[in-house]
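Biologist: I am new to this structure. Please show me how to read its features.

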Amino acid sequence: MTKRPKPKPLLQDAGKPARSRPRKPRDPAQPNLPLDPMTERIEPCLALLKARPPKGDDWVYEIKWDGYRLAVHIEPTGIRILTRSGLDWTNRFPAIKQAALWLPVGTAILDGEAVVLDEKGRSDFGLLQQSLGGRGAKRMSSDAIFMAFDLLYFDGHDLRKSELDVRRHLLEDLVPAGGQGDIRLSEQIEADGDQLLASACELDLEGIIAKQRHAPYRSGRGGEWLKIKCTQSDGFAIVGYEKSTASFGGIGRLLLAARKGDELVYVGGVGTGFNERSAAELREKMDKLIIVKPAVDTGRKRNAVYIRPELVAEIEYRAWTDDRKLRHASFKGLRESADEATVYELTD
């Protein structure tokens with residue numbers, strides 16, 4: 001299997017924050033503890049969006065990866081790789097599955113992100129989508145790797161009530177820092193939050209994650225994990241497109257909507273971020289969803305084609321206009337339903 005060139009390590013240039021170092025190996029003479037049943041599936045802990053990094057020694061930081069959230073289950077009967085919504089995608093990530101079989105553990109549940117790295121070592125959602133054959137495809141990815149950032153179950157013990165520091169201690173023993181395999185450690189970074197965010201943005205990363213070091217693992221968006229982005233990136237429903245003979249796939253602009261309560265509201269369009277391949281795949285999917293009457297009021301549009309709002313596009317943007325339209329928007333890819341693709345919700 002052909003591998004991509006080994007990317008340059010991120011945030012390790014001179015003057016950049018230093019990464020954490022591997023901790024001491026786990027003591028094999030630890031006391032025997034009663035065994036906990038292995039949970040079939042765990043709802044993931046989700047990061048709450050914040051504008052600035054938190055302050056204080058209680059917070060630790062990681063790079064924010066742009067891919068598909070996965071849980072890797074190492075069980076007595078084999079490996080299961082589950083998406084955020086609980087779908088079994090084991091067969092779509094054969095390299096990650098094989099790497100999980102080689103880990104020195106009997107049973108475990110690893111929380112992390114499947115990503116494809118570009119030549120500079122940055123996660124690229126578009127490359128991940130291409131490696132899987134696009135939204136709704138069933139192709140296996142030979143390029144995706146798994147960035148592990150938490151350990152929820154380990155050799156018969158449920159770790160969710162343990163502090164993050166304890167879970168990371170065991171994870172770093174299982175997946176050592178600096179590894180270059182198909183399962184790698186998403187390393188914690190010792191730095192000031194503001195300085196780290198600035199460095200991440202300089203390197204064109206999506207942002208950083210802040211985690212409370214003494215918090216247990218709680219499913220949902222409870223605030224123990226925070227995400228701070230360099231640029232905004234969210235999911236929006238595609239409600240149509242404007243035709244153009246001069247653009248890839250004949251798509252001049254996608255028409256987008258956000259959610260407001262139980263309704264969808266038009267938030268503008270996006271006409272950049274496509275290439276020939278992604279535009280052709282997108283056009284093929286949209287043309288199967290064409291409707292006569294638009295699902296939302298988009299105002300008067302020339303050469304517009306309206307579709308059922310079933311596709312969710314990941315859109316990167318800089319800001320909002322005063323009339324709640326996206327500014328400087330760019331298409332990144334289509335989100336999978338397996339990734340629990342959510343549509344951005346407007347607040348008053």
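**Reading the fold**

Biologist: Is Asp 204 buried or exposed?

Modeller: Asp 204 is exposed, with a relative accessible area of 57%. Buried means under 20%, exposed over 50%, and partly exposed in between, using a 1.4 Å probe and protein chains only. This is a predicted model, where local features need pLDDT of at least 70, side-chain atom pairs count only at pLDDT 80 or more, and totals for chains, interfaces and linings use all residues. Residues are numbered from 1 along each chain as its sequence is written, and side-chain values use heavy atoms, without hydrogens or water.

Biologist: Where is Asp 204, and what is its phi?

Modeller: Most residues other than glycine have a negative phi. Asp 204 is not a glycine, yet its phi is positive, near 60 degrees. Asp 204 sits in the loop between H4 and S9. Helices (H or I, at least four residues) and strands (E, at least two) are DSSP runs, numbered from the N terminus. Arg 324 also has a positive phi, about 65 degrees, without being a glycine. Its loop lies between strand S17 (319-320) and strand S18 (326-327). Arg 324 is partly exposed, at 33% relative accessibility.

Biologist: Which residues of H4 are buried?

Modeller: An α-helix has 3.6 residues a turn, so residues three or four places apart point the same way. In H4, the buried residues are Gly 193, Leu 196, Leu 197, Ser 199 and Ala 200. Seen down the axis of H4, they fall within an arc of 165 degrees (taken from the directions from the helix axis to the C-beta atoms), so they line one face of the helix.

Biologist: What do these buried residues pack against?

Modeller: They pack against S2, S9 and S10; contact means heavy atoms within 4.5 Å. Helix H4 covers residues 193-202 and lies across those strands. Its N-terminal end is capped by Asp 192, with a side-chain oxygen 3.1 Å from the backbone nitrogen of Asp 194.

Biologist: In what order do the strands of the sheet run?

Modeller: The order is S1-S10-S9-S2, 4 strands in an open sheet with mixed pairing. Strand S1 (48-49) and strand S2 (59-63) are at the edges with a single partner strand each, so one side of each has no neighbour in the sheet. Two strands pair if DSSP finds at least two bridges between them. Strands S9 (residues 207-212) and S10 (residues 225-229) run antiparallel, joined by 5 bridges. Within that pair, Gly 207 has Lys 229 of S10 as its bridge partner.

Biologist: Which residues is Lys 211 in contact with?

Modeller: Lys 211 belongs to strand S9 and is buried, with a relative accessible area of 2%. Beyond neighbours within four places in sequence, its contacts include Trp 59, Phe 149, Leu 164 and Trp 225.

Biologist: Which cysteines form a disulfide?

Modeller: A disulfide is a covalent bond between the sulfur atoms of two cysteines. Here the test is a pair of cysteine sulfur atoms within 2.5 Å. Cys 201 and Cys 230 form one, with sulfur atoms 2.2 Å apart. They link distant parts of the chain, 29 residues apart: Cys 201 is in helix H4, and Cys 230 is in the loop between S10 and strand S11 (232-243). The torsion about their S-S bond is about -100 degrees, so the disulfide is left-handed. Cys 201 is partly exposed at 29% relative accessibility, and so is Cys 230 at 22%. Cys 45 is buried, at 1%.

Note on methods: Axes fitted to C-alpha atoms, helices over the stretch in contact; angles between N-to-C directions. Polar contact = N/O pair within 3.5 Å; in protein donor to acceptor, adjacent residues only side chain to side chain.
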